Amino acid sequence: MSADTTLMPIPGPIDPVPVPRATVSRADGRVELVGLSKDQIRDALESAGLEPRQAKLRAKQLWHWIYNRGVTDVALMTDIAKAQHPWLAERFHIARPAVVEAQVSTDGTRKWLLQTHDGHDFEMVFIPDADRGTLCVSSQVGCTLNCRFCHTGTMRLVRNLEPHEIVGQVMLARDSLGEWPSQPEGRMLTNIVMMGMGEPLYNFDNVRDALKIVMDGDGLGLSKRRITLSTSGVVPMMERCGDEIGVNLAVSLHAVTKEIRDEIVPLNRKYGIEELLQACADYPGANNARRITFEYVMLKDKNDSDEHARELVRLIRHYRLPAKVNLIPFNPWPGAPYDCSTPERIRSFSNIIFEGGISAPVRTPRGRDIDAACGQLKTAAEKKRRSQVDAERAA
Ligand code: SAH
Ligand code: SF4
């Protein structure tokens, strides 16, 4: 079986279904250097015929140009002998995802429609604030999990993004913000959230390898404390996420009863609330200084009663979780089966959690006018209506 048709088990809304594995070689046969570790670059150079000592030196130089200087053209790498430039350029490639469209919201939020080298569209969002700038990065093209309130969930999963496509989003943002060379101070891009399209823990290896480069002091140099990974609750991967990546964890809880969570986050039928909260209690590295964020989308008359808020406080206390709650007003999209809770309801919900001693800010929606807000990401290639997706899945 060739690499691009190898099937790997990846869950559907509830149970595993096979989807094509991510690895898709470039049509021109060149090896992509972005997304490789320094050792992998050295191995690739050796396989192409360089002496081990030279391969080691060149790997170090390439790494520096790629991640500290943001250079994509070998010809600009002045400490590599000119005579070797064509040899490198023929065999290796330094990519960015292609930009199909870039939009700017009235509130300054920017959204990019991007494309992989084999023609799949995905999105990335940058949210500037007074004291920080957050890049919302995608991990998959589409998502298999089909949460009922999420627009991305109505897309078929097309494929996992590869490490170079994940770290490439961060590099593209730096290109566009003019933030090369990498430097610790004065950046606009200060934080990363794995909250774009897709479920990052269903693309674990690629997300880990990409974030390792983002966090490498010699790479893009962003601290793990400034990176948050959001999961809808892939319990078996949570411990590895803490151990092997070590970033902050956000959990899309969204409901406190089995009945409601089963409905709005279908993965709950596989990994229930108790199991999920226990995995949070066991999350490596969580403590009062590094709390777990529980995301809670406010859906009118669905999950937003005072009783639900009290139950949320009880659950967090019961599992002794170092937690904060992020209340997300539901962002509408065409054909969505829910409405957003009223501002009074959201305030009341938030107050009960605050009174329970837990911080519960309401997230201000950003970039709604360009469909860049949470749960609105969906590429034009896949404009199906919710009802159509349900009908297809039931068939
Ligand atoms: N798949 C991951 C990360 C991407 S979604 C996850 O589900 O956690 C990022 C956040 O946006 C999640 O908390 C998700 O539940 C929330 N979200 C999805 N659709 C939304 C919508 N229409 N309005 C508000 N938030 C939404
Ligand atoms: Fe996928 Fe997250 Fe959307 Fe659920 S909320 S469908 S897990 S992207």
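**Exercise 1. The shell around ligand 1**

*Solution.* The shell has 9 nonpolar, 9 polar and 2 charged residues. Keep in mind that this is a predicted model.

Step 1. Pick out the nearest residues. The shell counts 20 residues, and Phe149, Gly198, Ser230, Ser252 and His254 come nearest to ligand 1.

Step 2. Look for polar atoms facing the ligand. A nitrogen atom of ligand 1 sits 2.9 Å from a polar backbone atom of Gly198. An oxygen atom of the ligand is 2.6 Å from an N or O atom in the Ser252 side chain. For the side chain of Glu295, an N or O atom lies 3.2 Å from an oxygen atom of ligand 1. The cut-off for a polar contact is 3.5 Å.

Step 3. Check the cover. Ligand 1 on its own exposes 530 Å², and the protein buries 95% of that.

Step 4. Two or more residues come from each of β12 (227–231), β14 (292–298) and β15 (323–329).

**Exercise 2. The shell around ligand 2**

Which residues are around ligand 2, and how do they divide by class?

*Solution.* 

Step 1. List the residues. They are Cys143, Leu145, Asn146, Cys147, Cys150, Gly153, Gly198 and Ser232.

Step 2. Sort them. The shell divides into 4 nonpolar, 4 polar and no charged residues. Cys counts as nonpolar in this sorting, and Gly as polar.

**Exercise 3. Arg159**

Is Arg159 buried or exposed? What does its side chain contact?

*Solution.* 

Step 1. Locate the residue. Arg159 lies in strand β10, residues 159–160.

Step 2. Apply the cut-off. Arg159 counts as buried because its relative accessibility is 3%, and buried means under 20%.

Step 3. Find the partner. The Arg159 side chain makes a polar contact with the side chain of Asp118, at 2.7 Å.

**Exercise 4. The cavity**

How many cavities of 30 Å³ or more does the structure hold? What lines the largest cavity?

*Solution.* 

Step 1. Count. The structure holds 1 cavity of 30 Å³ or more.

Step 2. Size it. The volume of the largest cavity is about 50 Å³.

Step 3. Name the lining. It is made up of Val247, Asn248, Leu249, Tyr283, Gly285, Ala286, Arg290, Arg291 and Ile292.

Step 4. Classify. This lining has 5 nonpolar, 2 polar and 2 charged residues.

Conventions:
Residues are numbered from 1 along each chain as its sequence is written. Chains are lettered from A and ligands numbered from 1 in the order in which they are written. This is a predicted model: local features need pLDDT of at least 70, side-chain atom pairs count only at pLDDT 80 or more; totals for chains, interfaces and linings use all residues. Side-chain values use heavy atoms; hydrogens and water are left out. Helices (H or I, at least four residues) and strands (E, at least two) are DSSP runs, numbered from the N terminus. Buried means under 20% relative accessible area, exposed over 50%, partly exposed in between (1.4 Å probe, protein chains only). A polar contact is a pair of N or O atoms within 3.5 Å; within protein, one must be able to donate a hydrogen and the other to accept it, and residues adjacent in sequence count only if both atoms are side-chain atoms. On a 1 Å grid over the protein atoms alone, a cavity is a set of points where a 1.4 Å probe fits but cannot get out, and a pocket is an open set with protein on both sides within 12 Å along at least five of seven lines; lining residues have an atom within 4 Å of a point. Grid points are joined across faces, edges and corners, and a volume is the space filled by probe spheres set on the points. A residue is near a molecule or strand if one of its heavy atoms lies within 4 Å of it. Accessible areas come from the Shrake-Rupley method with a 1.4 Å probe; for residues, only the protein chains shown count as cover.
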